[in-house]
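Q: I have a structure open here and would like to talk it through piece by piece. Could we begin with how some of the helices pack?

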There are 4 protein chains.
Amino acid sequence: MHSSDAHELSSPFDPDEDRLREECGVFGVFGHLDASALTALGLHALQHRGQEAAGIVSFDGQRFQSERRLGLVGDHFSKRSVIERLAGEMAIGHVRYSTTGETILRNVQPLFADLAGGGFAVCHNGNLTNALTLRKQLIRDGAICQSTSDTEVILHLVARSPKAKLVDKFLDALQQIEGAYSLVAMTNKKLIGARDPLGIRPLCLGDLDGTPILASESCALDIIGAKFVRDIENGEVIVISQDGIESHRPFAPRNPRPCIFEYIYFARPDSVVGGKSVYEVRKKLGVELARETATDADVIVPVPDSGVPAAIGYAQESGIPFELGIIRNHYVGRTFIEPTQQIRALGVRLKHNANRSQVAGKRVVLIDDSLVRGTTSVKIVRMMREAGATEVHMRIASPPITHSDYYGIDTPEREKLLAATMTLEEMRDFIGADSLSFLSVDGTYRAMGHERRDNDSPQYTDHCFTGDYPTPLRDITAAERAQQLSLLAETA
Amino acid sequence: MHSSDAHELSSPFDPDEDRLREECGVFGVFGHLDASALTALGLHALQHRGQEAAGIVSFDGQRFQSERRLGLVGDHFSKRSVIERLAGEMAIGHVRYSTTGETILRNVQPLFADLAGGGFAVCHNGNLTNALTLRKQLIRDGAICQSTSDTEVILHLVARSPKAKLVDKFLDALQQIEGAYSLVAMTNKKLIGARDPLGIRPLCLGDLDGTPILASESCALDIIGAKFVRDIENGEVIVISQDGIESHRPFAPRNPRPCIFEYIYFARPDSVVGGKSVYEVRKKLGVELARETATDADVIVPVPDSGVPAAIGYAQESGIPFELGIIRNHYVGRTFIEPTQQIRALGVRLKHNANRSQVAGKRVVLIDDSLVRGTTSVKIVRMMREAGATEVHMRIASPPITHSDYYGIDTPEREKLLAATMTLEEMRDFIGADSLSFLSVDGTYRAMGHERRDNDSPQYTDHCFTGDYPTPLRDITAAERAQQLSLLAETA
Amino acid sequence: MHSSDAHELSSPFDPDEDRLREECGVFGVFGHLDASALTALGLHALQHRGQEAAGIVSFDGQRFQSERRLGLVGDHFSKRSVIERLAGEMAIGHVRYSTTGETILRNVQPLFADLAGGGFAVCHNGNLTNALTLRKQLIRDGAICQSTSDTEVILHLVARSPKAKLVDKFLDALQQIEGAYSLVAMTNKKLIGARDPLGIRPLCLGDLDGTPILASESCALDIIGAKFVRDIENGEVIVISQDGIESHRPFAPRNPRPCIFEYIYFARPDSVVGGKSVYEVRKKLGVELARETATDADVIVPVPDSGVPAAIGYAQESGIPFELGIIRNHYVGRTFIEPTQQIRALGVRLKHNANRSQVAGKRVVLIDDSLVRGTTSVKIVRMMREAGATEVHMRIASPPITHSDYYGIDTPEREKLLAATMTLEEMRDFIGADSLSFLSVDGTYRAMGHERRDNDSPQYTDHCFTGDYPTPLRDITAAERAQQLSLLAETA
Amino acid sequence: MHSSDAHELSSPFDPDEDRLREECGVFGVFGHLDASALTALGLHALQHRGQEAAGIVSFDGQRFQSERRLGLVGDHFSKRSVIERLAGEMAIGHVRYSTTGETILRNVQPLFADLAGGGFAVCHNGNLTNALTLRKQLIRDGAICQSTSDTEVILHLVARSPKAKLVDKFLDALQQIEGAYSLVAMTNKKLIGARDPLGIRPLCLGDLDGTPILASESCALDIIGAKFVRDIENGEVIVISQDGIESHRPFAPRNPRPCIFEYIYFARPDSVVGGKSVYEVRKKLGVELARETATDADVIVPVPDSGVPAAIGYAQESGIPFELGIIRNHYVGRTFIEPTQQIRALGVRLKHNANRSQVAGKRVVLIDDSLVRGTTSVKIVRMMREAGATEVHMRIASPPITHSDYYGIDTPEREKLLAATMTLEEMRDFIGADSLSFLSVDGTYRAMGHERRDNDSPQYTDHCFTGDYPTPLRDITAAERAQQLSLLAETA
């Protein structure tokens, strides 16, 4: 059903259309007078993980309160009136970029249900790979699904669990789902955090003067001055209550396999994920890139803002000066929803402009963190040439993306991934650069601090580069998989 | 859970706060290119049955489309863009004044669910008297209730029915619910109308050049030029499909017992309900009132607008001239949401003003259709005196309201019903009139065309006057009922 | 210049498109703690005089505060926050239906200017007949006109007056303007009311426990419980200050000549204008109409709501019963902004529906207050026939409208006035009635309490019926006047 | 008068409250089918010059069209409907941060007036230093000022000029105003650009395939692919018409004296102003700063984003590595309007977070472009220490700001300028750094390419650093100036 029960987000002319997008960030607070205000701040720090919608559910000792809105956290959750309605000392919250389910209000999380054992709220970062399969079965059994998000499936599984206690119902539900998930949930007594058996999406525990905090990234602890305690481990469920923090391990032990894209792309550079500084990793990706693809040039220019740390690393390693050869218009964020047709044709520089003084007459090395469809690269290479660059060399601080993601990253269909359909030379020709190089998979692993990728037991979830999916893709038909495998063969 | 996921209706300073309120109107179209535009118009004609929210669901042959909004039909559903989104040749719609469930967007009807047999949408006029009991059981069985409306209970019962076909699931669900309901539902093949075993709320069938229409009242047929065919009978379920119109009778046959308030108060005067002109009935209530309570006076003044037909009848029967002695400000509708405190104290005439030229120096008979809390009557009697009336006689064209309703009318708690706590003389004193009379129960039945009320098998649902509830009140606790019975004893 | 600096009112599908429209109501308070709240209420009572925009200016002893909004008074000026911003014990306000100037925010009144002698705010009901001529001269002299309303011309004349005191500047400005005006103005010390030399538009003085009030109609005194003191006389300027109330008479004495349409059509029935009850006048128009055009019929049906008082008078005089044979949908007010094309074609009864039970099989006399374009009459006559009326006789409680207005009433161009282009029989044929009659000019004057119209010195401004304009029409070119005179000849 | 005739901008919790703010950017197009769409894009590129409001006026050959809105350009002027209303081949536009006049809609530019010679629209970057003096005189002469902006004064002077032609009236008006102004104006035939006698604010001429363009900065030419032609010279007025481009020089010749802050702070780094790359100047400020204030440290950290170019220059000159030691949250822009009181107390890192991995255990040199109140510096120094920095050295790439601006920069009152009230050591102590240094005035001039400041005829407007105001400050009373001089003495 298509439904417009509330103001939908109009489909914007997206300045970031050539980027991968993360779907979510989660946050939770147990036992603080300002629980929902802290949650609003935590979500604000996690805003880069999802800009389409945000929601908070609090519990005030008697009632659950919910506020869910389309738009940025700061647009809605900075208002005193909203925060006052979210009374109570427990709260969980969510920011969302939709991968599954339309962006309508009832898909916005946290989801809530009044269950037999009491109220239960949950929010989710990741994507279930057997959600459609489970949903069909649930509807066959008489369940009514109000949203189109995979998270509601979890709620139904909890509601229908024969276990007596809510925490046990939740653990029961986890046994039935597959894929990537970092969950933050709340009952009227407990705050719960859970990470899938491989720990694909991040989740960490913090402490604000004795108040436990759960957050997708450590930068959300920093914003409120909370201390980082530790990452939730892969396959771990922690239950926070008045009695303290319990840890459950409902799954057989496995090696962790976090998503490598959190480092390359998603997490904020000031976050520490899996014990590693994200900024430091990105600089090292630039260093490795400089080692693998040394280039004779006059200036290192990052594609702002994502390419900056790698460019700094590349410049330091190569000794070529780092300059802001491209200036970003910071007001583009939510603007220019419907430019006129004629204007689109002008090739307007809405988002970026060349800094001619740093480019004219120079051999330019452009550094970007990844290459998805290549549409932005085409524009930027052309912009460099128009500004007088004598040579333009594109260097990508990660390997070619050849496979789609099914774990919470909004990747285009495979046929729109440049590296899934073109050879390196075809790609270079497409973007119009004088040369194009990617960082190797092993170079990427070196930047992460490993000697190389362990192909028998890979240290990271890296199927976008390798096709090596870490879990079965149950919702994908055999036919689709066959096609994907053949595509894989082609591009390998 | 309290939830503000969308714009809630702020609680207005209600110019009609001393009125009973209806909760809903329903409408449906099967097989017309403009199905949703016709539904919008039908709902506009039914706007008097609910002003807080409106919704339409259509089916375009492949997908169900839903638009639900707080506010008036004309505010949202007159826009071409909205109607265009509601594509398809089948549509059902609903206007709502909330009695159960907060007025938040997700309580706005029609409700929709994706069931095993396909999509199913339903909207409801009335109130279930065992909804809470059923809801508790459903939650215990793992159902997730998203709304707080009793209508969702019906949806869950349909979803969980073991029957194979959607229509059979729906009939199965009807066996489990009690109370008052006129339902309009839609599958991807059928339009369904259902009326409870007593036919408490109205529902009729119309025809627009071959297109079947379902509507709460005949005035919603008139607006689109459709012909009235017949009322749906009490306990009847009609199923409209490509194959024509089938009638089901899932209940044991009973005498109909429609709600008498539809005639006295709710239905539009130009509607024909149960074969009777509502305007004609109201005039006759005035005629009977004149016969029972003849008064020596100079002028008959209606309390606008509800008292007008009875006042015309009263004037014609008594021979005393009918004059507009009170003028209503038609712009009050949705205005003056937050008047200042000082201004409230001024006793401001926001809604009504005396027409001094018709009142000064005269003996005035005021005619109103009913007396609920009496707060408006106090103001109007005082206004008449301040405008120079020498005598003010209040005549009410229905019996004293002594009992709350549980079938879809928003009555105050019993202790706020003037007639539930005061004697006639106390009421007269409270409102400040020189005399006060009500129409008798039998006079009311005479105006309806009966000799008298048949106490063994009453022709109408009339518990507000008599305490004679037509169905068990299962959700009301024994304790409450005991209390109500004792209250009843007091006022009898 | 076309300008959209603020939210303009979108052009609605106007349920009253076949009505004359008044352009304004004015109100003022001097010396009350709740000056702006009282003004908001007064404007609410005057809402029938203009629904497109409203504004209030207050003075708090130091600063003038202004709030001007498109929409109804109750939509904006009932909010505590708005009223609190309008601090002070003096306030003036305005409701507007635009005749001159587009409805954009900066045309909304009161207008304000910071003059050499201090702040000056003014609002205006009426229309100047030499505004364009004056405006051209002002611009030639270097004035900058921000609005397109004729009221701004007054402001410029005040600003440019060589007199020393603001009141004298204002009197100076009045000498230069022609046409109809009731003005309420405010300096930082005084509240001023002024009526044009003929007193075409109404203005009265009230008293709320010692606080002087100015208002277009007495109903705006009633709403706040103020007493009516007297009408401002034609050509009178009253100046209210701490020192009391002064009366100025800047013009040579003339007989008053108020607009007759205030009685027939514009003023609220509960207002007393020029010492006459508006309701009583309308009833007498009905009585005279019955005398002039006696009809053999079964039922008298008013066109709601404007025809009701005349219909009551007609019914009382003729002895034929008065019935509500047409029911009005009160929710139409601001709804159905963009109905679909197909739906327009259906001939939808958005505003009115026949009350079939009072019409079927009957000879119907329809009573309306006036006939403008006739488009509504066509629909209503057809509706009566479709509801089964055997005969439909249209009776209009005023004379044929043959001339446009230039004094603040929004009349169509002459060629769209039915009575300006058709004979009586052509009109009858056009609207489809069995017979059509208008009240005569002398009958109209009799209803007003005169023996007949005094053609040498007419008691009322009545050019719409007679072509006898009471002032020179300086802005109308000679050519246009010639044309109008010839048209006049044709229709006489 | 305080007025809320339209939606005012609520006063935000400003993440940039410790910054200087520019008031305006201007743009104009002559003779292009997409004139207003190009203007919208140009304004978008100039958005950094004013974020509170934007407006465009176009001329379509017959009528002037105006759209003015509070908010960002992209919020309103990217919509096709808005651009379509702005028909015509000539357009001028404006972005505004208000320094004089409240931010209400009628202060938003371009301003327009219907003058004797035709329509005239004008917009303004800068500030007049005799506007109040002129305004008082104008009002005394009967002018009505609708806005509180100084730009309206120009409009009145044009309107009242005795000259016959609009261009001559405009030149006449320029003779009467003093201060800083870059004006873009439009008649129904001509596009006009004017720069004050000293050329304090920037204005340049561009060319888009033959279409002349006026813009505050060259980056607004780049966005639409227009070529930079030249700067408008100080004291030059250029008039663009069908007949080509004329240049007028209504003032006695003087040396130019552009505002030095455009280079240090306001202009976008990719703009070329006065023939110099802004980015290049900023890098050189960093280079000079490194030469003047060499520091033994481990890492150079820019305060983002304004300190980045100077930090790159500093790092290159000093050989100490440049790292992003502070990460900016890019979503802060318009968010967190009303944070709760408790949360403010937490010292929340809404805008910035330390990048601990680059700071912990290190001696940090922080580079910022300027120091205004110092409130942000306090927070950032503390943030560095909390992140583990062993030493924190603050280096400012411009001299101490000791004087307020009256030429279009929103500087705090002098007593809030840190450098106007404290010694260097007091400032260091206040911000909590281990050391603090500013670039010298002569170092600043060296970075601009001069040997030193020419004190007899300074090359730039630099009174904020020197107290040397380039024009008389007529609106400032003698008393105020005296006080300022004494303050100046104190801080010298």
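Q: At what angle do helix 5 and helix 6 of chain A pack, and how far apart are their axes?
A: In this predicted model, helix 5 (residues 151-160) of chain A packs against helix 6 (residues 166-174) of chain A at an angle of about 125 degrees, and the two axes are 8 Å apart.

Q: OK, and what would you call that arrangement of helix 5 and helix 6 of chain A?
A: Angles of 65 to 115 degrees count as roughly perpendicular and those over 145 as roughly antiparallel, and the two helices of chain A are therefore oblique to each other. The crossing of helix 5 and helix 6 of chain A is right-handed.

Q: Which residues make the contact there?
A: On the side of helix 5 of chain A they are Ile154(A), Leu157(A) and Val158(A), and on the side of helix 6 of chain A they are Lys169(A), Phe170(A) and Ala173(A).

Q: What about helix 5 and helix 6 in chain B, at what angle do they cross?
A: The axes of helix 5 (residues 151-160) and helix 6 (residues 166-174) of chain B cross at roughly 125 degrees and come within 8 Å. Helix 5 of chain B passes helix 6 of chain B in a right-handed crossing, with Ile154(B), Leu157(B) and Val158(B) of helix 5 of chain B and Lys169(B), Phe170(B) and Ala173(B) of helix 6 of chain B making the contact.

Q: Back to chain A: which strands does helix 6 lie across?
A: Helix 6 of chain A lies across strand 7, strand 8, strand 9, strand 10 (191-195), strand 14 (237-241) and strand 15 of chain A, and runs at about 15 degrees to strand 10 of chain A.

Q: In what order do the strands of that sheet come?
A: The order in chain A is 7-8-9-10-14-15, an open sheet of 6 strands with antiparallel pairing. Strand 7 (111-115) and strand 15 (244-248) of chain A are the edge strands, and each of them pairs on one side only. Neighbouring strands of this sheet are turned by 20 degrees against each other on average, with direction ignored.

Q: Strand 7 of chain A, is it mostly covered or uncovered?
A: Strand 7 of chain A is mostly covered, since 4 of its 5 residues are buried. Strand 7 and strand 8 of chain A form a hairpin with 2 residues between them, and these antiparallel strands are joined by 5 bridges. Within that pairing, Leu115(A) stands opposite Gly118(A) in strand 8 of chain A.

Q: And how many bridges join strand 8 of chain A to strand 9 of chain A?
A: There are 8 bridges between strand 8 (residues 118-128) and strand 9 (residues 179-186) of chain A, which run antiparallel, and Gly126(A) stands opposite Tyr181(A) in strand 9 of chain A.

Q: Switching to chain B, how is the pairing in the sheet with the order 18-21-22-24?
A: That open sheet of chain B has 4 strands, and the pairing is parallel. Strand 18 (299-302) and strand 24 (435-438) of chain B stand at the edges with a single partner strand each, so one side of each is left without a neighbour in the sheet. The twist from one strand to the next averages 20 degrees.

Q: What lies across that sheet, and at what angle to strand 18 of chain B?
A: Helix 10 (residues 308-318) of chain B lies across strand 18, strand 21 and strand 22 of chain B, running at about 165 degrees to strand 18 of chain B.

Conventions: Residues numbered from 1 in each chain as written. Chains lettered and ligands numbered in written order. Predicted model: local features only at pLDDT ≥ 70, side-chain atom pairs only at ≥ 80, totals over all residues. Pairing = 2+ DSSP bridges. Axes fitted to C-alpha atoms, helices over the stretch in contact; angles between N-to-C directions. Contact = placed C-beta atoms within 7 Å. Parallel < 35°, antiparallel > 145°, perpendicular 65-115°, else oblique. Left-handed = near helix turned anticlockwise from the far one by under 90°. Buried ≥ 20, exposed ≤ 12 C-beta atoms within 10 Å, placed from the backbone.
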